[in-house]
Amino acid sequence: MNRWIHRFFALMGMVLLTGCSLSPEEKVAREQSLKQTVDSFSDSVVQQRWDEVFKLTDGSFENVDKMKNHLVKPWIQDSTLTSGQIASMAWISDTIAKVKLNWTFQTGSVESFSSETFVWVWKGNNWKYRGRSLR
């Protein structure tokens, strides 16, 4: 009898989870949207268009300067950011994703690289930057 009760609750849990999940088409659409948003984010960061970057945030930063300081703080001092490329994307839930970006920096004739993982949230039918991910 206990075994049947456990199976029943397990089945009900699966039904509830799938009821809240995105359809395959919705997931593909969100994935494409995330890629486009992150590409726009990295392009804007490289071009230092901080107002554009700020528009892509979820409101967790008070202003453009705080967001900029948050982003550039761990970067290589006295170097120029030359590119940002998506290395990987991972779903945490239907409304949260992690995206790993590889940054390329130039200091004189020396090129260096850094990787960071960022958290993105689905908010108001768009992906919004929340902050860095703790690994």
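**Helices, hairpins and a buried valine**

Biologist: Which residue in the turn between strand 2 and strand 3 has a positive phi?
Modeller: Strand 2 and strand 3 form a hairpin, with 2 residues between them. The turn residue whose phi is positive, at about 60 degrees, is glycine 108.

Biologist: At what pLDDT do side-chain atom pairs count?
Modeller: This is a predicted model, numbered from 1 along each chain as its sequence is written; side-chain values use heavy atoms, leaving out hydrogens and water. Totals for chains, interfaces and linings use all residues, local features need pLDDT of at least 70, and side-chain atom pairs count only at pLDDT 80 or more.

Biologist: In what pattern do the helices and strands follow along the sequence?
Modeller: The protein has 4 helices and 4 strands. These are DSSP runs numbered from the N terminus, helices being H or I of at least four residues and strands E of at least two. Along the sequence the pattern is α-α-α-α-β-β-β-β.

Biologist: How many residues join strand 1 to strand 2?
Modeller: Strand 1 (residues 80-91) pairs with strand 2 (residues 96-107) in the antiparallel sense over 10 bridges. Leucine 81 has phenylalanine 105 as its bridge partner in strand 2. The two strands are joined by a hairpin, and the number of residues in it is 4.

Biologist: Which residue takes a positive phi in the hairpin of strand 3 and strand 4?
Modeller: Strand 3 and strand 4 pair in the antiparallel sense over 6 bridges, with phenylalanine 118 opposite arginine 132 in strand 4. The hairpin has 2 residues between the strands, and the residue with a positive phi near 60 degrees is glycine 124.

Biologist: Is valine 38 buried or exposed?
Modeller: Valine 38 lies in helix 2 (residues 24-46) and touches Ile86, Val99, Leu101 and Trp120, leaving aside residues up to four places away in sequence. Contact means heavy atoms within 4.5 Å. Buried means under 20% relative accessible area, exposed over 50%, and partly exposed in between, with a 1.4 Å probe and protein chains only. Because its relative accessibility is 0%, valine 38 counts as buried.

Biologist: What arc do the buried residues of helix 4 cover around the axis?
Modeller: The buried residues of helix 4 (residues 64-72) are Val64, Met67 and Leu71. Their arc, taken from the directions from the helix axis to the C-beta atoms, puts them on the same side of helix 4 because it is only 70 degrees.

Biologist: Why do residues three or four places apart in an α-helix point the same way?
Modeller: The reason lies in the turn of the helix. Residues at that spacing point the same way because the number of residues a turn is 3.6.

Biologist: Which elements do the buried residues of helix 4 pack against?
Modeller: The packing partners include both helices and strands. They are helix 2, helix 3 (50-55), strand 3 (110-123) and strand 4 (126-132).

How values were computed: Two strands pair if DSSP finds at least two bridges between them.
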